[in-house]
Amino acid sequence: MKLTEEQRGSILSSLNDEQVQFLRDGMKRGKRTVFANIIASQKGLRVPEGATFEDIEHLVDSWILIDYIDAGAVTDDLKCECGRSLRYQYKVSNKQTGEERKFGIDHLELHTGIDAKTVSEIRSGFSKIDLELDELLLKIEADWSLEKISLPPFSHITLPHDIQLHIDLQLPLLDRQITRLRRLINEVGGRQPFASAAQANREPERKTPEIFHEVDLFTAYEHDAHNKFDETEHVELSSVQKQAVLSYLQRGVQSARIICELLIEDGTAKENRFSTGKPKFYVEVCWFIESHIYSGQCKMLSADQNDRTYQWNCHLS
């Protein structure tokens, strides 16, 4: 159901400032992520589920969305480059040339040269972001709560960052987040739970860390009937690959999956993948990154079967 602006405003007025700011920031982040994701996908690049626009934009070498403004109503203060007054203005930048353009969504193709099919996908993605805001607001109005959903126990699972934020701010989960949470619960099942970021960042008792012994990370090798893991492929990263991984971390890339895609894109690693599309050297990348945790150079932000994210400590690099 699509809400009117009056209905949105009425429900938003019932929230505290932190919740409102989170939703507004979420709209911007969502649209930047949609834009980057579609541009990357059109180029044939593999983007892991849940990747942030900051990481995805490292894969993109053309146009990125750098700002999105909602004036609340059509106003002469906000214009497309054609001179038309706007309510919604999109500001894009070309990573190769540094060129910046401002326009309404109708003129995206005209101002950037992005093909009509891609523009259509971007428009559709933006519409989904708008509908997700309405979904959240309707759930707020209906007094939604996590307790009303029939879910198996999941206290032992490290939740994805976006889901944890919603819970911390006492905001409803989107239907797609609920689906992802159910899948995560089913995937973990009776196996040893994932180590939380706090556990992974903790100083070990032994001098030589056995980083993955407590983490069910080796499901990343995709043991299935179609693609058995070949131990001969389990090799340490080369010195060139290690240096490239560190370079990407120092540049702010957080996703291990995105780092793998960047290694493939720049020719540093071969494009060997499992049937699911995950690079076969993914675990080696995680293993190498996490060898820097105990020195304080790096810390883990999140970990699940789909991806692991890290933050590099620039002060110690």
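What follows is a short chat about the sheet, the rings and the cysteines.

Modeller: Ground rules: this is a predicted model, where local features need pLDDT of at least 70, side-chain atom pairs count only at pLDDT 80 or more, and totals for chains, interfaces and linings use all residues. Residues are numbered from 1 along each chain as its sequence is written, and side-chain values use heavy atoms, with hydrogens and water left out.

Biologist: Which strands stand at the edges of the open sheet?

Modeller: Three strands make up the open sheet, in the order S1-S2-S3 with antiparallel pairing. Strands here are DSSP E runs of at least two residues, helices are H or I runs of at least four, both numbered from the N terminus, and two strands pair if DSSP finds at least two bridges between them. S1 and S2 share nine bridges, and four bridges join S2 to S3. Each edge strand has a single partner, so one side of it is left without a neighbour in the sheet, and those strands are S1 and S3.

Biologist: How many residues lie between S2 and S3 in the hairpin?

Modeller: S3 covers residues 100–103 and runs antiparallel to S2, with Lys 102 in S3 as the bridge partner of Lys 91. Gly 98 in the turn has a positive phi of about 80°, and the number of residues between the two strands is five.

Biologist: Why is the pair of Tyr 68 and Tyr 88 called stacked?

Modeller: Rings of Phe, Tyr and Trp (its six-membered ring) pair if their centres lie within 6.5 Å; planes under 30 degrees apart count as stacked, over 60 as edge-to-face and the rest as tilted. Tyr 68 lies in S1 and Tyr 88 in S2, so the pair ties together parts that are 20 residues apart in sequence. The ring centres are 6.3 Å apart, and the pair is stacked because the planes sit at 10°.

Biologist: Is Tyr 68 buried or exposed?

Modeller: Buried means under 20% relative accessible area, exposed over 50%, and partly exposed in between (1.4 Å probe, protein chains only). Tyr 88 has 29%, so Tyr 88 is partly exposed. Tyr 68 has 4%, so Tyr 68 counts as buried.

Biologist: How many disulfides does a search of the whole structure find?

Modeller: A disulfide is taken as a pair of cysteine sulfur atoms within 2.5 Å. For Cys 80, the closest cysteine sulfur is in Cys 82 at 3.6 Å, too far for a bond. Searching the whole structure, the number of disulfides is zero.
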